[in-house]
Amino acid sequence: MISELTRGERRLALAVLTAVAILGLALAVAGRGDILAVHGGLIMASAVVLMFFVISGYYAPEPGEERFAQYYDTPTKAGVVLAMIWAVIGMGVGDWVAWLLVYPEMTFDAAWASFGRLRPVHTSGVIFGFGGNALIATSFHVLQRTSRARLPDQFSPWFVLIGYNLFCLLAASGYLLGITQSKEYAEPEWYADLWLVVVWVVYFSIYLRTLMRRQEPHIYVANWYYMAFILVVAILHIVNNLAVPISFGSAKSYSAFAGVQDAMTQWWYGHNAVAFFLTAGFLGMMYYYLPKRAGRPVFSYRMGILGFWGITFMYMWAGSHHLHYTALPQWVQTLGMTFSVMLIVPSWLAAANALLTLNGAWDKVRDDATLRFMMLAVVFYGLSTFEGSFMSIRAVNSLSHYTDWTVGHVHAGALGWVALITFGSIYAVVPWIWKQPSMYSNKLVEAHFWLSLAGTLIYVFAMWNSGIIQGLMWRTYSEGGTLAYSFIDSLVAMRPYYIARAIGGGFFAVGAVIGLYNVWMTIRQASAERAEAPDAPVVPALARSLQAGE
Amino acid sequence: MFGIHQKLERNAIGFVIAIIVVSSIGGFMEIAPLFTIHETVEEAPDMRLYTPLEVAGRNIYIREGCYACHSQMIRTLRDDVERYGPYSLAVESKYDHPMLWGSKRTGPDLARVGGKYSDAWHVAHLINPRDVVPESIMPGYRWLAETPLKVDDLSLHLAAQRKVGVPYTDEMIANAAADAYGQAMPDSPFAAGVTARYGDATNVRAFDGQPDRLTEMDALVAYLQVLGRLTDAPYQQTASTEGAKP
């Protein structure tokens, strides 16, 4: 990996790592007596380990000019592996906390092992660890192909990937230590948030610099979505995390917003993290890998445009549907509901465009589990966007809010859509970039597919049942006009569904382990081959072929 | 229209600007007015501030992720109000940086749990919920009763909150650590200052049942006991509108 960096880039890497190590040291010193010191130490240690790594390869020969004839895919390779590792961690922890709701004693009186600390490890692990790494990895891959341009340099993609994973590590370890802002999906504290801003600026600059050098006159639709993902997540992240640390020697900060304004800002963030992290980015993935794998052009250019701008405009209004019947002024609730209902149009435009793209390739969907992953993902995307619009209606929300129905809805989207489109894309991209005819085992891809489908269905049905039962029990009145059930009654009624959910989630997590194994074995197979026959430099065939949809 | 888009697609900077503009409108239209429209947050002149001990307890509540299972937002629905009490007003969380309204009720809403149970009940419940509620699936927090509360940085906590708009006085900031001790040690010389600074309605008790120690349990129980008790406004509001809105 270091041999791919030019001498100048190696020096730059050392300079940046030195700066990061010093920053880590400064945090550790300023934060002595506070848990911040642990994170300062962690930052410093990570930087020092990487410095050794760079130094060990420092005198390797420089990469030759022939690299400009090739795309730069090593960061994508690393990102794919990291995504799969985070998938196993995030989903594993998720299933563990699901079991905690069945066997609450399993915290063994350890602070770090309690539900409240582990749950954000699960959510951040899957959203940021798994989803984020997959987005970064695939975006580099797609960006180069659809622009017919190589990434601008060799250093910045690594900075983004490694820097981003440092953020994920700070987040996950922080929760276990008790460092959190409590804002859902924005839990990391001020210093981690600042670091992510730096990483994100570099990420965006890679995108822009590559697009500037593109050989294709048009920017392909997948890139619109990836760009919206990068830009809007930056806006959301910066605004929602505005906070005042109690001192530079403490991990703790106080949000700039309070009460009702904070609630609106948080759910504007929270809902658009769903929109621009978990939807836009993955639609970018879908718009490239699905047509590629199916060997069909995107069905409609116009549907692509309408879907994209509809999503970009409307989602940002929808966040207040998380706050129906609360102390948030009613006009904001009504606006949020209106836009949420209208959102079904651009969402279904995107889903329909993808499914119609598959027209004429249904035999491939039947035979190819990778394509089937993507097809099913689109179906779940359509279902969960419909469900989302439905749940945003005030009357429905009065039943569903605060219940497991919400959890089921999120997982219909997160498992059914986000994870499946990612697994499909990863199974498509891994053989391409490792130059293999196919994955190590197609049978294992098939097994993973069925485990995922079964797991998602069990999960979602369990949560529908428990959520609706819960909601109904809370609002049922007895003949005498008093509430019929105590809270504990509803809690007891949940138990069988919590067991079912944990089993469904377990299926899904086992699938991810199989996926990681399969990716790993494909890589081993590739490196065994390379050991036998050294790779001749080739201009990727894909670069010359026109992209899908054009 | 599609013709214009064809041009836009050829211009990276233009596309970036278009995304920023189109996506910014919604949030701006919904969030900015909340800061400027006066009626968004009701008046409640009797609204008290969290004491330093309650601030510390709130931070433990955040640290342990209690918000993942508990909401603090009673909706204007009849069954919510009958189960948990008068619906929550915006003013009640106006000093909450950040708010803890929550999104999921794996456990019951806590917005009005203050005063509902005795301190001893809370301590027993937090040590092992199943000792008091056999069906409970809430985790136990036994170590809170053993862990001494960190008070040396409480002044910084109040000062930071003042920066974001909570009206703590210089005196409150200067005495934060002493007030934390005083509130949990009613017999100590520090106790009098707490009510002088934070009002007579402030609870001054050995919350964890150990009058000689200041633990994290003291702080968390002090916080739970003040939930819904910072102002009388919601109780008056309900009386005047006769129950909840439909």
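At what angle do helix α4 and helix α5 of chain A pack? Let us start there, keeping in mind that this is a predicted model. Helix α4 of chain A covers residues 115-147, helix α5 of chain A covers residues 155-177, and the two pack at an angle of about 175 degrees. Their axes are 9 Å apart. Angles over 145 degrees count as roughly antiparallel, and α4(A) and α5(A) are therefore roughly antiparallel to each other.

Sorted by class, the contact of α4(A) with α5(A) has 15 nonpolar residues, five polar ones and one charged one.

In an unreviewed UniProt entry, the feature "binding site" is placed at A:H122 and A:H411. These two positions are spread over 290 residues of sequence, yet they cluster in space, with a largest C-alpha distance of 12.5 Å.

Another histidine deserves a look. The UniProt annotation "binding site", again from an unreviewed entry, covers A:H409. You will find A:H409 in helix α15 of chain A, which spans residues 404-433. Setting aside its neighbours within four places in sequence, A:H409 is in contact with A:S384, A:E387, A:G388 and A:M391.

Further along chain A comes helix α16, made of 34 residues, 442-475. From its first C-alpha to its last, α16 of chain A reaches 50 Å, close to the 50 Å expected at 1.5 Å a residue. The N-terminal end of α16(A) is capped by A:S441, where a side-chain oxygen lies 3.3 Å from the backbone nitrogen of A:K443.

Now turn to chain B. Chain B has twelve helices and zero strands. Its C-alpha atoms fill a box of roughly 80 × 40 × 40 Å, taken along the principal axes.

What does UniProt place at residues 12-35 of chain B? The unreviewed entry gives the feature "transmembrane region" for this stretch. In the model, residues 12-35 of chain B are 100% helix and 0% strand, and the end C-alpha atoms of the span lie 35 Å apart. UniProt also lists residues 52-228 of chain B as "domain: Cytochrome c", in an unreviewed entry. Over residues 52-228 the chain is 42% helix and 0% strand, and the end C-alpha atoms are 17 Å apart.

Finally, here are two details of the backbone. Most residues other than glycine have a negative phi, and most peptide bonds are trans. In chain A, A:Y185 has a positive phi of about 65 degrees although it is not a glycine. A:Y185 sits in the loop between α5 and α6 of chain A, with α6 covering residues 190-212. In chain B, a cis peptide bond joins B:H97 and B:P98, with omega of about -5 degrees. B:P98 lies in the loop between α4 (78-84) and α5 (119-127) of chain B.

How values were computed: Residues numbered from 1 in each chain as written. Chains lettered and ligands numbered in written order. Predicted model: local features only at pLDDT ≥ 70, side-chain atom pairs only at ≥ 80, totals over all residues. Heavy atoms only, no water. Helix = DSSP H or I, 4+ residues; strand = E, 2+ residues; numbered from the N terminus. Expected span 1.5 Å × (residues − 1). Polar contact = N/O pair within 3.5 Å; in protein donor to acceptor, adjacent residues only side chain to side chain. UniProt positions renumbered as here; feature names shortened; annotations may be inferred. Axes fitted to C-alpha atoms, helices over the stretch in contact; angles between N-to-C directions. Parallel < 35°, antiparallel > 145°, perpendicular 65-115°, else oblique. Nonpolar A, V, L, I, M, F, W, Y, C, P; charged D, E, K, R; others polar. Contact = heavy atoms within 4.5 Å.
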